[in-house]
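Biologist: I have not looked at this one before. Can you walk me through it?
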Amino acid sequence: MLTSGSHAPIAVAAARAGLHVFVEKPMCFSVAEGREMEAAAEQARVTLMVGYPKRYDPAFARFQKESAQLDGARLMRVTTFESPVPAYVEHYRLPPRDPLPADVLERFRADNDARVRAAIGAASSLERLVYEMVLLDTVVHELNAIRGVLGEPDRLDYVSLRQDTVTVMFRFGELPVALHWIDLPGISRYEMELALYAPDRRLRLAFPSPFLRNAPAVLEIEGGDPASARSWHTEEVVSYESGFKRELAAFHECAVGGGVPATSGLDGLRDIALCQAIIECHRRRAPVDAPSSVG
């Protein structure tokens with residue numbers, strides 16, 4: 001499902017028609033829409049999967065494994081350096097696009113606005129902009145990656161929103177997690193990094209621009225000897241296999257075999273719940289408990 005705006009109406013119709021559904025992120029604009037999508041897929045007994053290619057990258061699986069072996073982790077930091085898209089796509093042969101008619105654009109815009117209002121209510125213009133253009137469009141990737149490593153957050157402690165920067169502080173048990181999204185339009189060097197710090201080990205996973213075909217993520221591991229000055233650093237390319245290809249293979253396997261994908265409809269729905277909770281935390285200036293709960 002690659003349509004503009006919320007994927008919910010078409011995804012629900014497809015599920016009710018008995019079709020398996022692969023939907024790109026964000027799966028929808030609100031938890032209410034996501035519940036409808038989940039219910040339609042469950043009733044029709046079809047697979048509903050959300051496209052999060054980073055979750056299917058072999059390097060992410062290595063990061064998960066290394067993270068599980070850490071003892072006493074003290075902080076996770078997730079940072080995205082957003083950059084201009086043109087430099088990453090100019091080498092592809094992209095066909096020219098005719099502009100959509102003005103009335104069609106207006107209907108799309110009105111529908112999006114109505115769905116955003118239904119999701120976050122009486123929000124400020126900044127909150128509406130960040131919710132639709134940053135949280136749903138980009139930060140859902142980071143939220144899903146964090147959850148893929150740590151599970152569900154216990155608490156959303158703090159949110160700072162600006163048009164060009166977003167900072168969110170979570171708590172997973174006793175572990176604080178800091179998420180930072182930064183728009184840097186003057187540097188064509190996109191990167192998304194996950195870093196996890198424990199007393200005797202540091203892990204860092206860096207993803208390049210998703211527009212670069214088969215460009216590998218890089219896993220860095222640092223360790224040392226507390227009884228001496230000895231320390232070490234490794235940098236590993238795990239695979240050149242495409243996360244996009246692997247997620248499609250996983251979708252096919254689940255649709256044919258009846259399994260549940262790692263990025264199921266429910267998994268994607270929890271990211272939408274987190275996006276709504278981020279706006280709630282910002283508006284109330286107060287923490288939100290169980291922010292990924294979908295009822």
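**Strands, helices and cysteines**

Modeller: Strands β7 and β8 form a hairpin, with 2 residues between them. Bear in mind that this is a predicted model.

Biologist: In which sense do β7 and β8 pair, and over how many bridges?

Modeller: The pairing is antiparallel and runs over 7 bridges. As one example, Met 192 has Phe 207 in β8 as its bridge partner.

Biologist: What about β8 and β9, how many bridges join those?

Modeller: There are 6 bridges between β8 (residues 201–207) and β9 (residues 218–224), and these strands run antiparallel. Arg 201 has Gly 223 in β9 as its bridge partner, and Arg 204 stands opposite Glu 220 in β9.

Biologist: What is the strand order in the sheet?

Modeller: The sheet is open and has 9 strands, in the order β10-β9-β8-β7-β3-β6-β5-β4-β11, with mixed pairing.

Biologist: Which strands stand at the edges?

Modeller: Those are β10 (231–237) and β11 (288–289). Each has a single partner strand, so one side of each has no neighbour in the sheet.

Biologist: Which strands does helix α6 touch?

Modeller: Helix α6 (residues 125–150) packs on the sheet and touches β3 (75–82), β4 (155–161), β5 (165–172), β6 (175–183) and β7 (191–198). The direction of α6 makes about 135° with that of β6.

Biologist: And α8, which strands does that one touch?

Modeller: Helix α8 packs on the sheet too, touching β4, β5 and β11. Its direction makes about 70° with that of β4.

Biologist: Switching to helix against helix. At what angle do α2 and α8 pack?

Modeller: Helix α2 (residues 31–44) and helix α8 (residues 265–284) pack at about 170°, with their axes 9 Å apart. Angles over 145 degrees count as roughly antiparallel, so α2 is roughly antiparallel to α8.

Biologist: Which residues make the contact?

Modeller: On α2 they are Val 31, Gly 34, Arg 35 and Glu 38. On α8 they are Gly 265, Leu 266, Leu 269, Ile 272, Ala 273 and Gln 276. By type, the residues of this contact divide into 5 nonpolar, 3 polar and 2 charged.

Biologist: New topic. How many disulfides does the structure hold?

Modeller: It holds 0 disulfides.

Biologist: Is Cys 28 buried or exposed?

Modeller: Cys 28 is buried, because its relative accessible area is 0%. Cys 275 also counts as buried, at 0% relative accessibility.

Notes
Residues are numbered from 1 along each chain as its sequence is written. This is a predicted model: local features need pLDDT of at least 70, side-chain atom pairs count only at pLDDT 80 or more; totals for chains, interfaces and linings use all residues. Side-chain values use heavy atoms; hydrogens and water are left out. Axes are lines fitted to C-alpha atoms, for helices over the stretch in contact, and angles run from 0 to 180 degrees between N-to-C directions. Helices (H or I, at least four residues) and strands (E, at least two) are DSSP runs, numbered from the N terminus. Angles under 35 degrees count as roughly parallel, over 145 as roughly antiparallel, 65 to 115 as roughly perpendicular and the rest as oblique. Contact means heavy atoms within 4.5 Å. Ala, Val, Leu, Ile, Met, Phe, Trp, Tyr, Cys and Pro count as nonpolar, Asp, Glu, Lys and Arg as charged, and the others, Gly among them, as polar. Two strands pair if DSSP finds at least two bridges between them. A disulfide is a pair of cysteine sulfur atoms within 2.5 Å. Buried means under 20% relative accessible area, exposed over 50%, partly exposed in between (1.4 Å probe, protein chains only).
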